[in-house]
Amino acid sequence: MINSFRALFAISLLTYLLSPYVHAGSSQQFHLDIPTVNEEIDVDGDINEAAWQQAAQVMLQYETSPAENTAAPVNTYAKVFASNTSLYFAFIAHDPTPDNIRANLRDRDKAWGDDMVGIKLDTFNNARLAYQFFINAYGVQSDSIENELTGQESDAWDGIWYSKGKITEQGYQVEIQLPLRLFNFDDRHPVQTWGIELVRFYPRNETHRLSTHQIDRNVSCQLCQLGTASGLAGATQGKDLQLTPSLVANQNSQRDVSPTGPWTDDTNVEAGLDLRWGITPTTLLNATINPDFSQVEADAGQLDVNNTFALFFPEKRAFFLDNKDYFDTQLDLLHTRNIGSPDYGIKLTSKTDDHTFAVLAANDIQSQFLVPGNLSSDIAVIDDPSHNVASRYRFDPSKQFSVGGLLTLKQADDYHNYLVSGDIKYQPTKQDTFTAQYAHSVTQYPDEFFNQFCGRDDCAQIIGDCDISECAINERVLRTHKDGEFNDGMYNIAYEHQRRNWYVSSKYESIGRDFRADLGFIDKVDLAKFVVGGGYNWYPDNHFFNRIELGGDWDITHSQNHERLEQETEMFIEFEGGLQSYIAAGIIARERVGRRHDPSNIAINDNTTMFEETLGWFYTHFTPIGSLKLELDSYFGDDIDYANNRPASVNMFNPGVEWKITESVVLDISHRYQTLDVDDGRLLTANLSDLRLNWQLTLNSFIRLSSVYTRIKRDPSLYLYQSPNHLYEDLGNELLYGYKLNPQSVFYLGYSDAFIANDDVDSLTQNDKTFFMKMSYAWLL
């Protein structure tokens with residue numbers, strides 16, 4: 001093996017020296033022929049089966065970051081072969097000081113920052129989507145989908161694949177099996193040609209990214225720069241059928257916020273079934289019956305103080321995440337957390353040649369959506385079951401051009417929201433990108449729907465449904481009270497020119513006052529916004545910082561009646577460098593309006609105050625030693641006291657620590673401290689602490705403790721229009737044991753509780769406790 005490695009290294013080095021730099025960024029610069037070996041192997045990390053002797057071999061010879069396409073500082077080579085049903089990869093990662101290898105036992109998708117190797121595969125070779133698989137030296141898996149259309153990566157996707165890793169005297173090695181059932185690909189071709197890149201992350205003072213080929217920083221498209229791999233002759237997914245039955249049981253106890261209040265107990269046991277069927281290698285059917293969509297892991301804590309818009313929480317449920325990217329557009333028109341508790345769901349996704357199609361349908365026990373505005377938004381609920389449908393089509397005639405459409409429907413008794421949208425993306429050069437999207441919606445609310453926003457308790461309790469004249473009118477009432485249907489549109493046009501050292505961009509977005517996207521997350525309407533910005537990058541050699549960026553933008557926002565809502569100028573500077581550091585700071589100067597003086601009048605001019613603000617911000621994270629990562633987010637300066645519509649000053653500090661106490665025990669702590677001051681004193685002080693302690697017992701099992709504590713202290717005497725509680729506290733805890741055979745075959749056993757305190761309850765008092773169990777098993781048929 002040593003002699004073959006030396007020969008391979010010599011050939012690779014000669015290729016590197018002779019290859020002209022102009023080929024960087026071209027898909028032709030790297031090609032791999034994958035042999036088919038009619039042999040399945042045990043994935044044990046040893047790489048000693050005879051099949052590996054017939055595998056193709058390739059060096060990861062380039063460092064693409066922070067250095068720019070220089071020779072890799074350490075040797076890494078990979079072996080690849082295919083069977084009729086799987087792709088096999090082996091990485092041999094040499095290290096001159098193996099004691100410095102960063103490897104930890106972590107849960108899936110939590111090993112970032114470790115020494116890792118990885119695979120990127122574009123199975124249609126059209127630079128639209130790429131599967132990504134990364135593995136650390138202990139075999140911990142991380143996977144994601146990279147979406148060129150949106151420029152985002154989603155690590156919420158979890159496939160069932162197999163890996164083992166081990167540290168050796170020379171470094172570490174990893175063995176991987178990727179079943180073809182994971183992928184969507186066109187099996188009509190006798191030989192497959194996929195986009196490919198093999199990657200190694202080598203984190204020391206800097207995080208070095210090593211690759212099989214060069215990356216051109218003068219090319220804005222990343223997936224366009226993948227190399228190609230050919231082979232998989234006669235490849236088939238086999239019987240791509242997966243049945244996953246599940247059983248969920250929980251016992252919940254609740255009581256009113258009173259130390260002596262009685263407990264109310266509720267016990268629930270539910271069985272469900274998920275189906276995943278690869279009808280063809282290009283067509284996937286997902287279905288679920290009576291699913292349990294409760295989240296095992298709590299959302300990260302968020303402070304909701306001095307904020308007029310609804311908070312965003314990401315989707316984490318597997319049914320909605322599988323092939324989620326097939327539904328994505330530039331605008332967030334499908335946010336499936338608006339489907340809260342369905343009894344059933346079905347999803348079909350398919351890609352043939354240049355055509356991509358996806359459809360999703362599910363019911364919900366209620367109808368939940370956003371009521372947006374230009375100064376505020378809120379979550380609304382109609383206690384009627386709803387039907388929810390989304391359908392997406394996209395046509396990709398080339399890597400440079402894409403056009404598509406999206407349709408969504410949300411409907412219940414006396415309520416509906418229908419939306420249709422079209423979008424395009426065009427890249428005439430390697431540096432220029434144009435995107436555009438238009439959407440139109442038709443919405444009907446129930447006649448008395450505005451009541452839940454009236455702001456008067458006596459309205460519903462004493463006289464039942466309110467007449468609009470009896471309602472304490474605010475923006476949500478104005479946005480929901482209308483005879484007949486709401487009918488309006490929105491559009492977004494953007495242009496970006498991006499080169500190695502500089503970039504410019506501009507965007508214009510217009511959202512009609514009656515536009516609604518009730519299956520999406522569009523929290524602002526009745527506005528038009530224009531943004532223009534740019535920046536410059538430096539890449540110093542032999543310096544602590546390897547990248548410096550100076551940039552900024554200017555934007556202005558008006559209502560649809562051409563009333564100015566906000567004007568903002570921002571300048572920022574960023575540094576990346578040693579200690580795996582990232583440092584960014586900026587200053588914002590803006591004018592924006594506060595709340596309406598007369599909330600019953602939707603107008604902005606002569607009905608709001610324009611406030612001038614100067615705000616500074618700072619963010620950094622760095623890793624002083626391999627086991628410790630430090631983070632700080634902060635901002636300070638002028639703000640608006642929205643509760644009282646007057647100038648204020650804000651200070652926010654959010655430090656965080658990730659401490660890898662041992663290879664298997666990790667402590668994550670963050671604390672957010674925020675104050676808001678007005679001329680007469682301190683209006684509020686808010687604290688939020690989020691603690692997560694994870695003990696990874698094995699690659700498959702863990703124990704996790706999480707605790708989120710919120711404390712908000714206000715001075716009621718400084719409030720002009722209300723008298724809030726002086727003190728509010730809540731505490732949520734969760735203790736969880738988990739065993740994951742794979743992402744869908746799991747067993748969870750846990751306990752959670754909640755405590756609350758306010759002016760009426762002077763100490764934290766328990767008001768909720770739950771014991772829960774969930775188990776599921778994925779039968780691969």
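Trainee: What kind of model are we looking at?
Mentor: Residues are numbered from 1 along each chain as its sequence is written, and side-chain values use heavy atoms, leaving out hydrogens and water. Local features need pLDDT of at least 70, side-chain atom pairs count only at pLDDT 80 or more, and totals for chains, interfaces and linings use all residues, because this is a predicted model.

Trainee: Are C221 and C224 buried or exposed?
Mentor: The words have cut-offs: buried means under 20% relative accessible area, exposed over 50%, and partly exposed in between, with a 1.4 Å probe and protein chains only. By that scale, both cysteines are buried.

Trainee: Which strands are at the edges of the open sheet of five strands?
Mentor: A strand is a DSSP run of E, at least two residues, numbered from the N terminus, and two strands pair if DSSP finds at least two bridges between them. Here the order is β2-β5-β6-β12-β11, with antiparallel pairing. An edge strand pairs on one side only, and here the edges are β2 (56-59) and β11 (162-167).

Trainee: Which residue gives the backbone oxygen that lies 2.6 Å from a polar atom of the side chain of Q431?
Mentor: Q431 sits in the loop between β25 (415-426) and β26 (432-444), and it counts as buried because its relative accessibility is 13%. Contact means heavy atoms within 4.5 Å, and among the residues that Q431 touches beyond four places in sequence are S220, E496 and R499. A polar contact is a pair of N or O atoms within 3.5 Å; within protein, one must be able to donate a hydrogen and the other to accept it, and residues adjacent in sequence count only if both atoms are side-chain atoms. The backbone oxygen lying 2.6 Å from the side chain of Q431 belongs to N218.

Trainee: Which residue's backbone nitrogen does the side chain of H543 reach?
Mentor: H543 lies in the loop between β29 (527-538) and β30 (545-558). H543 is partly exposed, because its relative accessible area is 47%. At 3.0 Å, its side chain reaches the backbone nitrogen of F545.

Trainee: What is phi of N542, roughly?
Mentor: N542 is in the loop between β29 and β30, and it counts as exposed because its relative accessibility is 85%. Most residues other than glycine have a negative phi. Phi of N542, however, is positive, near 55°.

Trainee: Which residue in β40 is the bridge partner of Y737?
Mentor: β39 (residues 727-740) pairs with β38 (residues 701-714) in the antiparallel sense over 13 bridges. β39 also pairs with β40 (residues 746-757), antiparallel over 12 bridges, and a hairpin joins these two through five residues. In β40, the partner of Y737 is L749.

Trainee: Which residue is joined to S65 by a cis peptide bond?
Mentor: Most peptide bonds are trans. Look at the loop between β3 (62-65) and β4 (70-71). With omega about 0°, the cis bond joins S65 to P66.

Methods: Helices (H or I, at least four residues) and strands (E, at least two) are DSSP runs, numbered from the N terminus.
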